[in-house]
Amino acid sequence: MRRKRWIPVMALLAALLAGCTAQQPQPTPQLQEPVGILPDTATAYVGELYNMMSFDSAVVPYVEELAFTTDGIIAAVYCYPGMEVEAGAVLAELEIADIEARLQQLETELEHTRTINEYENTLLQLDIEMLQSQLRQLQQSGTSQEIALKENEIAQKQAALQQKRAMQELELQQMQQEQKKLQAALENNVLRAPFSGRILAGEVLQAGSRVKAYEPVLLLADESKLYLSGAFIKEGYLKVADRVYAHIGADQYEIQMRPMDSQEYLAAVLAGKTVNTEFDLVGPENLLSQIEAGQYAAICIITDYVENALLVPTQAVLQDAQGSYVYVEENGAHIRRTVKVGQTTDYLTQILEGLQEGEVVYVQ
């Protein structure tokens, strides 16, 4: 019976000894590279670090809308879309037969009106002179009442003559104004190119079409005045940018944003129109002549720029509860090293502490 009491005691001691053995520290196992996958490495180097945003744009020419300054009917068109024209070239002209006929009629009416006015005014003036002669006779032998009546009659005639002359002058001014408009229509019946350029495609202008004054009928592009127009860019992006430039072809160009009127922008947005951001090309001078209308341009906005930064691939920097770290190659081994990071992008990360230029790190 006594031997049976020792059995549970011995079992308890065995369990305690087994637990103590399991809690003893074990060496960290050496991790092996995945089978069939070679590790990538990168060398820490000093370079530039920045974030970049790009927006689509295009090289476009200055375009001016051309219009006649008077109403009329197109008599002839001397240009077509895509045609290159020189400054001063006649592009289209209005019919002038009706204008010439009306102008001739108006000139006849003016001459006749002046003749009639002069004749009527002469008759009134003769009446006044006759009344004045009668007044002088009454002043010698007439009564005061007769004299007063004659003076009143003369005053009425003089007022009538003055009023008639004022009405005649007003009528002549109206006719002369119409005459000036007709003469201007004759002089402006021809639409000329204000500068050398290319006629853009648009509504085809045809003989016989009726046009209104100042209503655009042609578009003329000056390809010597190029600028960039493209996707709308928030002004906040440009305010924080370290640099804004355009990439056209294989070259970079300095650009300057054209001011945008806030009221025009708001009106365009409310009207559902597309709002573009425009930039002037300002340099370099030796490359500007190589640009052509229609070329694609990428507007590049550089932010968070850091010069002379120690850089490694972003995928080489790892994170855990203790902070940021990298694996550095030392004598063929992977050595963990804690680092302090600065600016980071999707591809590169700046190392502020813990790594030297030229050291090799492993990349995930």
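Accessible areas come from the Shrake-Rupley method with a 1.4 Å probe. On that basis the accessible surface of the protein, a predicted model, comes to about 24800 Å², and carbon and sulfur atoms hold 51% of this area.

**Figure 1. Overview of the predicted model.** The protein contains six helices and 19 strands. Of its 364 residues, 29% are buried. Taking contacts between residues at least 6 apart in sequence, 76% join residues at least 24 apart.

Figure 2. Helix 3 covers residues 144-187, 44 residues in total. From its first C-alpha to its last the helix reaches 64 Å, close to the 64 Å expected at 1.5 Å a residue. An α-helix has 3.6 residues a turn, so residues three or four places apart point the same way. The buried residues of helix 3 are Ile147, Lys150, Ile154, Leu161, Gln168, Leu172, Met175, Gln179, Leu182 and Ala185. Helix 2 (97-141) is included in what covers them.

**Figure 3. The open sheet 6-5-3-8.** Four strands are arranged in the order 6-5-3-8, with antiparallel pairing. Strand 6 and strand 8 (210-211) stand at the edges, each with a single partner strand, so one side of each has no neighbour in the sheet. Strands of a sheet pair through backbone hydrogen bonds, either parallel or antiparallel. Three bridges connect strand 5 (residues 90-94) with strand 6 in the antiparallel sense. In strand 6, leucine 191 is the bridge partner of alanine 92.

Figure 4. Leucine 191 belongs to strand 6 (residues 190-192). Its relative accessibility is 7%, so leucine 191 counts as buried, the cut-off being under 20%. Neighbours within four places in sequence aside, leucine 191 is in contact with Leu66, Ala67, Phe68, Ala89, Val90, Leu91, Ala92, Val217 and Leu218. Leucine 218 is 27 residues away along the chain, and its C-alpha atom is separated from that of leucine 191 by 9.6 Å.

**Figure 5. Strand 12 and its two pairings with strands 9 and 11.** Strand 12 (residues 277-283) pairs with strand 9 (residues 218-230) in the antiparallel sense over four bridges. Within this pairing, glutamate 278 is the bridge partner of serine 229. Strand 11 (residues 251-257) also runs antiparallel to strand 12, and four bridges join the two. Here methionine 257 stands opposite phenylalanine 279.

**Figure 6. Salt bridge between aspartate 280 and arginine 258.** The two side chains meet at 2.8 Å, N to O. The pair links distant parts of the chain: aspartate 280 lies in strand 12, and arginine 258 in the loop between strand 11 and helix 5 (262-270), 22 residues apart. Aspartate 280 is partly exposed at 28% relative accessibility, and arginine 258 is partly exposed with a relative accessible area of 28%. Elsewhere, salt bridges that share partners join Glu84, Arg198 and Glu223 into one network.

**Figure 7. Salt bridge between arginine 198 and glutamate 84.** The closest N and O atoms of this pair are 2.6 Å apart. Arginine 198 sits in strand 7 (residues 197-199) and glutamate 84 in strand 4 (residues 84-85), 114 residues apart, linking distant parts of the chain. Arginine 198 is partly exposed, with a relative accessible area of 25%, whereas glutamate 84 counts as exposed at 56% relative accessibility.

Conventions: Residues are numbered from 1 along each chain as its sequence is written. This is a predicted model: local features need pLDDT of at least 70, side-chain atom pairs count only at pLDDT 80 or more; totals for chains, interfaces and linings use all residues. Side-chain values use heavy atoms; hydrogens and water are left out. Buried means under 20% relative accessible area, exposed over 50%, partly exposed in between (1.4 Å probe, protein chains only). Contact means heavy atoms within 4.5 Å. Two strands pair if DSSP finds at least two bridges between them. The expected span of a helix is 1.5 Å times one less than its number of residues. A salt bridge is a side-chain nitrogen of Lys or Arg within 4 Å of a carboxyl oxygen of Asp or Glu.
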